[in-house]
Amino acid sequence: MLLVTSRETKRWVIPKGNPMNGIGPHAAALQEAEEEAGVSGPVCPTPLGSYRYRKKRGSGASLMIDVDVFPLAVTREFPNWKEQHQRERRWFTLAEAAGAVEEPDLSELIRSFGASEFTAATRRTGLSAAVTQSKVGSMFAWFQRLLPRTGNFFGMFEAHAATVAKAADALARLLEGGPAAAEHIREVTERENDADEITREVLQTVRKTFLTPFDRGAISDLIGSMDDAIDEMQAAVNAINLYEVQTFQPEMKDMAGIVVDAARVLSEAMPLLRDVGANGARLHELTERLVRMEGHADEIHAAGLKKTFKEYGGTDTLKFVVDREIYKHLERIVDAFEDVANQIDGIVIDHS
């Protein structure tokens, strides 16, 4: 996580500022990040949460200020920026960042961004190891060795989620515009191919495996909904490539920001499935966030489609049709993430 120092007290803070006329709060947050920290990238318009701190005004009054926090995936770090001579910027681990800031609520937000359960879950043993190490001991070990392998489902889930996240990053870079569009399109396509390989391996393993950590249908449905998300990413870049779109509406970029953050949430959720009982509460928090983001994306989609219809519906029908096609795929990407959330919730209900 990137923090900057405040101009006066030199304490570690996140880039922030006042609302700006004519742009949404997440866009204002992005502008503050560019000016104060010299970074840019897709920003999710759905806030992580908020915190309060006391700010001293020019009049001498010290007033409480409420701050909404928006996740920004940094893709560009500028060597020169507006406030570089007034602030220091530094990358921290999440634990270090939570300890460096003074505001307790902000510290909690940072900690929740990467819960400790995320790391702990990746160290837990799978079902096969748990059976071997249980109190049944050697009396059951001989029989356990005769059983088909339990399959590395958790590893495959996590690999697929990581692939989805990489594709989401490439999609967001594409929608930022610029001369490297062909490279971003190619990356999304390559990532989608990688995801297909993982999906096939999961489905083949389900058929061959005697012991599975969850119901076979739940495993197939979960990997299928994850794969739907990256399939729609490829469909989106294919449409962009086919119609040679080079500029994108702000609402499209906002939806891409939601896609990037949804992929991040998915990447955190997958390792937690290794111990659903211990991590059920955190998984529910993450799926709730995915559902909120999907609702926000629907609002952005409707506003963007209405805007492009007003601008081009009567004068440039082809432009309107192309934009509508891109919006359709962006909406379907986020819809797929909501489907993933529903699948995870079902697993939590059945196994926690």
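## Helix packing

Axes are lines fitted to C-alpha atoms, for helices over the stretch in contact, and the angles between N-to-C directions run from 0 to 180 degrees. On that basis, the axes of H11 and H12 cross at roughly 165° and come within 9 Å. Because angles over 145 degrees count as roughly antiparallel, H11 is roughly antiparallel to H12. The crossing of H11 with H12 is left-handed. Sorted by class, the residues in the contact of H11 with H12 are 17 nonpolar, 9 polar and 10 charged.

H12 (residues 317–351) also packs with helix H9 (residues 216–242), at an angle of about 170° and with the two axes 8 Å apart. H9 is therefore roughly antiparallel to H12. Here too the crossing is left-handed. The contact of H9 with H12 comprises 16 nonpolar, 3 polar and 6 charged residues.

## Overall composition

The model is predicted. Its secondary structure comes to 12 helices and 7 strands. The protein has 352 residues, of which 44% count as buried. Among the contacts with a separation of 6 or more, 74% are made by residues 24 or more positions apart.

In soluble globular proteins, nonpolar side chains tend to be buried together. In this model the largest nonpolar core has 68 residues, and those with the most contacts inside it are Phe157, Met233, Leu273 and Phe337. The elements that give two or more residues to this core are helix H7 (153–175), helix H8 (181–208), H9, helix H10 (250–272), helix H11 (276–312) and H12. H7 supplies the largest share, 14 residues.

Which residues does Phe157 contact, leaving aside its neighbours within four places in sequence? They are Phe214, Ile219, Leu222, Ile223, Met226, Met270 and Leu273. Apart from this core lies another, of 14 residues, which includes Leu3, Phe92, Ala97 and Val101.

Glu251 is found in H10, and it counts as buried because its relative accessibility is 15%, below the limit of 20%. Not counting residues up to four places away in sequence, Glu251 touches Ile300, Gly304, Lys307 and Tyr327. Glu268 also lies in H10. With a relative accessible area of 5%, Glu268 is buried. Glu268 and Leu283 are 15 residues apart in sequence, and their C-alpha atoms are 8.9 Å apart in space.

Glu325 is found in helix H12. Its relative accessible area is 24%, so Glu325 is classed as partly exposed. Leaving aside neighbours within four places in sequence, Glu325 is in contact with Ala239 and Tyr243. Glu325 and Ala239 are 86 residues apart along the chain, and 7.3 Å separates their C-alpha atoms.

## Residues with positive phi

Most residues other than glycine have a negative phi, and most peptide bonds are trans. Lys10 is not a glycine, yet it has a positive phi of about 65°. Lys10 is placed in the loop between strand S1 (2–5) and strand S2 (12–13). Is Lys10 buried, partly exposed or exposed? Lys10 is partly exposed, since its relative accessible area is 45%.

Glu244 is likewise not a glycine and has a positive phi of about 55°. Where is Glu244 found? Glu244 is in the loop between H9 and H10. Glu244 counts as exposed because its relative accessibility is 66%, above the limit of 50%.

Definitions and conventions: Residues are numbered from 1 along each chain as its sequence is written. This is a predicted model: local features need pLDDT of at least 70, side-chain atom pairs count only at pLDDT 80 or more; totals for chains, interfaces and linings use all residues. Side-chain values use heavy atoms; hydrogens and water are left out. Helices (H or I, at least four residues) and strands (E, at least two) are DSSP runs, numbered from the N terminus. Angles under 35 degrees count as roughly parallel, over 145 as roughly antiparallel, 65 to 115 as roughly perpendicular and the rest as oblique. A crossing is left-handed if the near helix is turned anticlockwise from the far one by less than a right angle, and right-handed if clockwise. Ala, Val, Leu, Ile, Met, Phe, Trp, Tyr, Cys and Pro count as nonpolar, Asp, Glu, Lys and Arg as charged, and the others, Gly among them, as polar. A nonpolar core is a set of buried Ala, Val, Leu, Ile, Met, Phe, Trp, Tyr and Cys residues joined through side-chain atoms within 4.5 Å. Buried means under 20% relative accessible area, exposed over 50%, partly exposed in between (1.4 Å probe, protein chains only). Contact means heavy atoms within 4.5 Å.
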